[in-house]
Amino acid sequence: GCMQGMVPYLPELIPHLIQCLSDKKALVRSIACWTLSRYAHWVVSQPPDMYLKPLMTELLKRILDSNKRVQEAACSAFATLEEEACTELVPYLSFILDTLVFAFGKYQHKNLLILYDAIGTLADSVGHHLNQPEYIQKLMPPLIQKWNELKDEDKDLFPLLECLSSVATALQSGFLPYCEPVYQRCVTLVQKTLAQAMMYNQHPEQYEAPDKDFMIVALDLLSGLAEGLGCHVEQLVARSNIMTLLFQCMQDTMPEVRQSSFALLGDLTKACFVHVKPCIAEFMPILGTNLNPEFISVCNNATWAIGEICMQMGAEMQPYVQMVLNNLVEIINRPNTPKTLLENTGKDVEVSGGTVRPVPPSPPPQNQPSSLPLPPAITIGRLGFVCPQEVAPMLQQFIRPWCTSLRNIRDNEEKDSAFRGICVMIGVNPGGVVQDFIFFCDAVASWVSPKDDLRDMFYKILHGFKDQVGEENWQQFSEQFPPLLKDRLAAFYGV
């Protein structure tokens, strides 16, 4: 709680703590790792040669320490540093991978799990920069070797699957040579778990309940593959029964299974819609019944998947609009819906003295489209974009919360498609926006650089409204604007 007060002393303290990383006492080395990780954010905000490089160099040595407790602390601290540094680490990737891969040969069971976390976090942090032949050749053989050693029933698969999910997403096409066996095994894990659950439900006295975490992490890795490989995943999907299995998973009683199923459905919709389309009539009612904010992450992922399906279906979405629209409008109007319907998926760290970063919990944080602060708003916009006649009549019921939630997100593809939908709906039902027009103006002003044709749509709506009410009324109306909003609209749209 006193970070600001510490800042003046850090230029002296950090070098001192970095020296403590090579203290002869193991306990001092391990607590120095933890203490330094608490200041990773500050370290990364300084020129890299000053603190980041020496800290990283010393932490990597400690990852290969002879003491297990120090290995654990160093690996955890390094994962925290990765999250803060992100692409700042790109110049040092070769060096980092050499150390992490060397640790594979050295680590025992417990620390291996933390090593997987450090590798997965590295992949999340540097993204596609990892997709270089030399890095892939270093990283993949030991991961695949562990993958082949572990049995389907071994719980150590969880952190490895989670790590591979991050790696597959980062490597994109670089993961292609490894994808087939990984994909097949995930499908097998899902299938085995479903079969076991069925036996248990029919004869609970003879069979034990399955551990559904196997299925959850397998679905999440399939999501990582679909996201990383994009259209290349199509052949794998074509040769498997994943759509049938997904249909069962989407109806599972356990919320975490449904949550991961809907994430996978959204990723497959983006990657290979040709295999999703034949199932839409069966899937849409299930998505509709899961629009229940009681389970935030399930609701989020179902909403996101509906939005992605909209963008692929276009006008053919029409028969399904009524199944989902009312629930979405209800969710967006709920008082105190958190700004993001997302929960924090960060790994929570105890801040008591020297607790190292824990091994991630076995069901991984949900595989979630991270760029979506409010999936319901985006999805309502997308529904309105493809089926404006069906959605526009309800405009007045959601326009205000819609505008207030989307003004806070940065320009991106999702925001673009949602705003196009709102513009089309205003064209169909201009009366629906009149009472809340100031909110629409504010949402439009939140764009930094909309595409030209979207900017034209905004221009026409703003000028249309101004012409409709007349110069004098417009002057009175725009007097209510905060100065910044007034300036932006004048500068960008000449109103």
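In which loop is the place of P204? P204 sits in the loop between α11 and α12. The structure is a predicted model.

**Nonpolar core**

- The largest nonpolar core has 171 residues, and the members that touch the most others are F175, M317, F398 and W402.
- Helix α12, residues 213-229, gives the most to this core, with 11 residues.
- Setting aside neighbours within four places in sequence, M317 has contacts with M284, I306, I309, C310, L383, V386 and C387.
- In soluble globular proteins, nonpolar side chains tend to be buried together.

**Helices α12 and α15**

- Two packed helices are described by the angle between their axes and the distance between the axes.
- The axis of α12 and that of helix α15, residues 255-271, come within 9 Å and cross at roughly 15 degrees.
- Angles under 35 degrees count as roughly parallel, so α12 and α15 are roughly parallel to each other.
- The crossing in which α12 passes α15 is left-handed.
- On the α12 side, the contact is made by M215, I216, L219, D220, L222, S223, A226 and E227.
- On the α15 side, the contact is made by E256, V257, S260, S261, A263, L264, D267, L268 and A271.
- Sorted by class, the residues in the contact of α12 with α15 are 10 nonpolar, 3 polar and 4 charged.

**Helices α2 and α3**

- Helix α2 covers residues 10-20 and helix α3 covers residues 26-37.
- α2 and α3 pack at an angle of about 145 degrees, and their axes are 8 Å apart.
- The crossing of α2 and α3 is left-handed.
- From α2, the residues I14, L17, I18 and C20 meet V28, R29, A32, T35 and L36 of α3.
- The contact of α2 with α3 divides by class into 7 nonpolar residues, 1 polar and 1 charged.

**S165, a buried serine**

- S165 is part of helix α10, which spans residues 157-171.
- Buried means under 20% relative accessible area, and S165, with a relative accessible area of 11%, is therefore buried.
- Apart from neighbours within four places in sequence, S165 is in contact with D220, L221 and G224.
- D220 is also among the α12 residues that make the contact with α15.

**Loop residues with positive phi**

- C86 has phi near 45 degrees, a positive value in a residue other than glycine.
- C86 lies in the loop that runs between α6 (68-85) and α7 (93-106).
- C86 counts as partly exposed, at 31% relative accessibility.
- Q172 is not a glycine, yet its phi is positive, at about 50 degrees.
- Q172 is placed in the loop between α10 and α11 (176-202).
- Q172 counts as partly exposed, at 35% relative accessibility.

**P204**

- Is P204 buried, partly exposed or exposed? At 44% relative accessibility, P204 counts as partly exposed.
- How far apart are P204 and L164 in sequence and in space? P204 and L164 are 40 residues apart in sequence, and their C-alpha atoms are 34 Å apart in space.

Key:
Residues numbered from 1 in each chain as written. Predicted model: local features only at pLDDT ≥ 70, side-chain atom pairs only at ≥ 80, totals over all residues. Heavy atoms only, no water. Core = buried A, V, L, I, M, F, W, Y, C linked by side-chain atoms within 4.5 Å. Buried < 20%, exposed > 50% of the residue type's maximum accessible area, 1.4 Å probe, protein only. Helix = DSSP H or I, 4+ residues; strand = E, 2+ residues; numbered from the N terminus. Contact = heavy atoms within 4.5 Å. Axes fitted to C-alpha atoms, helices over the stretch in contact; angles between N-to-C directions. Parallel < 35°, antiparallel > 145°, perpendicular 65-115°, else oblique. Left-handed = near helix turned anticlockwise from the far one by under 90°. Nonpolar A, V, L, I, M, F, W, Y, C, P; charged D, E, K, R; others polar.
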